[in-house]
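User: Could you walk me through this one? I'd like to begin with the sheets and then move on to helix packing.

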Amino acid sequence: MINNNMTLLVDSNQIETIIHGDEFTFKIKDDSHFELSSQTALWRMTLALDSHAQILGDGFQMLAQTGGRIDQPHPIGRCPDNNGEYRIYPIDAPQRYYNYLVIQTNQDFCLMGFSSCQRFAGYFEIEPQADHYAITAYLDGEELLTSELTNRYLESLVVIREATLDAVFSRFSNAIARHHTPCAGTHAQTPVGWCSWYAYYANVTQDHIAENLEAMQDAFAEIEWVLLDDGYQAHMGDWLTPSNKFPDGIDAVIANIRAKGKKPAIWIAPFIADKDSELLSNHPDWFVTHSDGKLLKAEEITYGGWRCTPWFILDTSHPEVQAHLTSVVRKMREQWGVELFKLDANYWGTLKGQRFANVTGIEAYRMGMEAIRRGAGEAWLLGCNAPMWPSLGLVDAMRVSDDVERFSGRFEQIAKENFCRSWQHQRLWQIDPDCATFTSLPNQAAEYEAYDFHRNALLASGGLLLSGDPLPDASPLAVSSWQKLVLRQSQNSANARFDDLHFHHATLTLNTKETLHCAFNYHYNGAQTLTLQSQVACNWFDYWSGEKLNSEPTALFELSLPSGLAARSLISRAI
């Protein structure tokens, strides 16, 4: 028995285990020479658990997380790491839980998690035994030969047990910070802004940006950041060349944003290029290849991309590629005045293939991100569609869910994705729960009940607050919901803390007198009644309408939710 009263089996003739408190660091023994496979075992742990124990496991990339019971795990999002499109590992292989695995027992919460990700992705597998569960920690060594490594240290992981979910994540965050110092933006004022993507998608024009800038007054006056998303560029990879929808140039659009007193932000997908880009045409030797030297297309080994495919992958281990990334971002920052970079399709920067240097995909990705940071200086870096743990210490903010769409199923999906990762907010980075969208489009519309769930989910998640609606056409619901979300943000931009892995109830202290209570039901749940609690007798109010809900001050309040998708948010206000 060792550490936290659990059985841990460490048995390797090739890998040394260094134990310090609750952290395990792994090092290749000096006289060991072997290939680090994609299933390099580090240790094995056994736990006596109820088969109904709730679990939460992360994914390698943004769209993958796993929840459910230990005997019946299920994907939380649309795109598990091993589905038919992403293919990060075989679809018929045992379920992998990348980065961390949390198990809710009858008494406490147990977390196993990798506290570093410098070169290798780490993951866990669960195997049921006769009277217990065996959990094995692995590294994906990407078939590197240990004889070629100058640094023989691998990665570190921790095993933590605590009475509350928040306490587990707090200790885990501290362990990660010892290896990956959070970026400066992690603890800065949380951005409130507008993003062009969910209003206009790739059809965005120069006039759209100008029209929305004019609408940023009255109800939307609190918008500080304006994010020009995908669609402005001539080709993927040619970020300094505008499409014909921006005849005055992107620098002029950025200047107009600044002239209106707003902070400009811009979208780029720094590690990809499409087949018609000048970047690929002029520098084919800058791209990742197969072993035979043929250029690698993303679709040949993973999801090919959402538009302008096929995508080719920049080799960020190449010094000239690093210099190029630094130069592009520096021009946008210093000459154009961009203050936030939304970096999308980051996952593709980790793809395995032949590179200039003998490094892992994760090392190459981190090299590319460091090159971007050199160009960005103190500007914000927001990761999106990113590899989660390989991005530690490299971004100020991180999208933690799928794209929002205006229908109930997607609102529910991204709410659960955000809730599962909301603990990372202002610990690892600031989370981006994706945009607030309450105005229906001709081809994308939802009922009031779905929009109501969406706004309550954003209220609980905290993090970046970005409107995704076309502001000149904003509905009355969009206006009133936005104003109340901004009010919450101004009081406390932290995430509400959930009690357990069912994600039904979360609380957040807003100020010395008020506490926010958020309650959720999901499509698979029957009607339920939750008992909300305050430390003292107080009055209770509906967050959105302000209606007082009690007749006499009380410390306990029973809240009923109907079956299916539903949410309510209340304020308890001390007298």
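Analyst: In this predicted model, where local features need pLDDT of at least 70, side-chain atom pairs count only at pLDDT 80 or more and totals for chains, interfaces and linings use all residues, 8 strands form an open sheet with parallel pairing, in the order 23-22-21-20-17-16-15-24. Strands are DSSP runs of E of at least two residues and helices are runs of H or I of at least four, numbered from the N terminus, and two strands pair if DSSP finds at least two bridges between them. Residues are numbered from 1 along each chain as its sequence is written, and side-chain values use heavy atoms, with hydrogens and water left out.

User: Which strands stand at the edges?

Analyst: Strand 23 (430–432) and strand 24 (465–467) do, each with a single partner strand, so one side of each is left without a neighbour in the sheet. The twist averages 25° from one strand to the next.

User: How many bridges join strand 15 to strand 16?

Analyst: Strand 15 (residues 192–195) and strand 16 (residues 225–228) run parallel and are joined by 3 bridges; glycine 193 has tryptophan 225 in strand 16 as its bridge partner.

User: OK, helices now. How do helix 6 and helix 7 cross?

Analyst: The axes of helix 6 (residues 319–336) and helix 7 (residues 361–376) come within 7 Å and cross at roughly 30°, where axes are lines fitted to C-alpha atoms, for helices over the stretch in contact, and angles run from 0 to 180 degrees between N-to-C directions. The crossing is right-handed, meaning that the near helix is turned clockwise from the far one by less than a right angle.

User: And which residues of helix 6 meet helix 7?

Analyst: Gln322, Leu325, Thr326, Val329, Arg330 and Arg333 of helix 6 meet residues of helix 7 that include Met367, Ala371 and Ile372, with contact taken as heavy atoms within 4.5 Å.

User: Which residues in helix 6 are buried?

Analyst: Val321, Gln322, His324, Leu325, Thr326, Val328, Val329, Met332 and Trp336 are buried, that is, under 20% relative accessible area with a 1.4 Å probe and protein chains only. The buried residues of helix 6 pack against helix 4 (250–259), strand 17 (263–268), helix 5 (278–282), strand 20 (340–343) and helix 7.

User: What comes just after helix 6?

Analyst: Glycine 337 follows, and takes a positive phi of about 95°.

How values were computed
Buried < 20%, exposed > 50% of the residue type's maximum accessible area, 1.4 Å probe, protein only.
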